Amino acid sequence: MMYEERGSTGTIVLAAVVGGLVGAGIALLTAPRSGRETREKLAETATDTKERVKGWASDTKTRLSETFSKAKEQLTERPGVSTAIEAGKRAMEEEKQRLSGS
């Protein structure tokens, strides 16, 4: 359920960014300016958009990192989780050895 919500939010943000870029491009191309002014404005808009996207990406990376850290802390604090993780690691190693024929 949470994955779907994040996916939907990401899709909406991406659609908004793309829609904004398309709209800005159309507005710039239909504005009564010279070719040079239009190119300068397009370059300026592209630079601004690039910086915004970098900021959003950085913020998202930070939030995801914090979320994963909190989730990891919560999982390791629960009784039995560490034991289950270790048992899973041992089972994986045993299966790897069995499959490799050692």
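Is Glu-93 buried, partly exposed or exposed, and at what relative accessibility? Glu-93 counts as partly exposed, at 37% relative accessibility, where buried means under 20% relative accessible area, exposed over 50% and partly exposed in between (1.4 Å probe, protein chains only). The structure is a predicted model, in which local features need pLDDT of at least 70 and side-chain atom pairs count only at pLDDT 80 or more, while totals for chains, interfaces and linings use all residues. Residues are numbered from 1 along each chain as its sequence is written, and side-chain values use heavy atoms, with hydrogens and water left out.

The protein has an average pLDDT of 79, and 92% of the residues score at least 70; pLDDT is the predictor's confidence in each residue, from 0 to 100. Over residues 1–5 the pLDDT stays under 50, and for this stretch the model has zero contacts beyond four places in sequence, a contact being heavy atoms within 4.5 Å.

A salt bridge is taken as a side-chain nitrogen of Lys or Arg within 4 Å of a carboxyl oxygen of Asp or Glu, and by this rule the count comes to five. One of them joins Glu-93 to Lys-96, at 3.5 Å from N to O. Both residues lie in helix H3, three residues apart, about one turn of the helix. Helices (H or I, at least four residues) and strands (E, at least two) are DSSP runs, numbered from the N terminus.

In helix H2, Arg-36 and Glu-40 are four residues apart and so are separated by about one helical turn. Their side chains meet in a salt bridge (3.2 Å, N to O). Arg-36 is exposed, with a relative accessible area of 58%, whereas Glu-40 is partly exposed, at 45%. Glu-44 is also found in helix H2 and counts as partly exposed, at 43% relative accessibility. The C-alpha atoms of Glu-44 and Trp-56, 12 residues apart along the chain, are separated by 18 Å.

Trp-56 is among the residues that line the second largest pocket. On a 1 Å grid over the protein atoms alone, a pocket is an open set of points where a 1.4 Å probe fits, with protein on both sides within 12 Å along at least five of seven lines; lining residues have an atom within 4 Å of a point. The volume of the second largest pocket is about 150 Å³, a volume being the space filled by probe spheres set on the points, which are joined across faces, edges and corners. The lining includes Ala-16, Val-17, Gly-20, Leu-21, Asp-48 and Arg-52. Helix H1 (2–30) and helix H2 (35–77) are the elements that give two or more residues to this lining. The largest share, six residues, comes from H2. By class, the lining has six nonpolar, three polar and two charged residues, with Ala, Val, Leu, Ile, Met, Phe, Trp, Tyr, Cys and Pro counted as nonpolar, Asp, Glu, Lys and Arg as charged, and the others, Gly among them, as polar.
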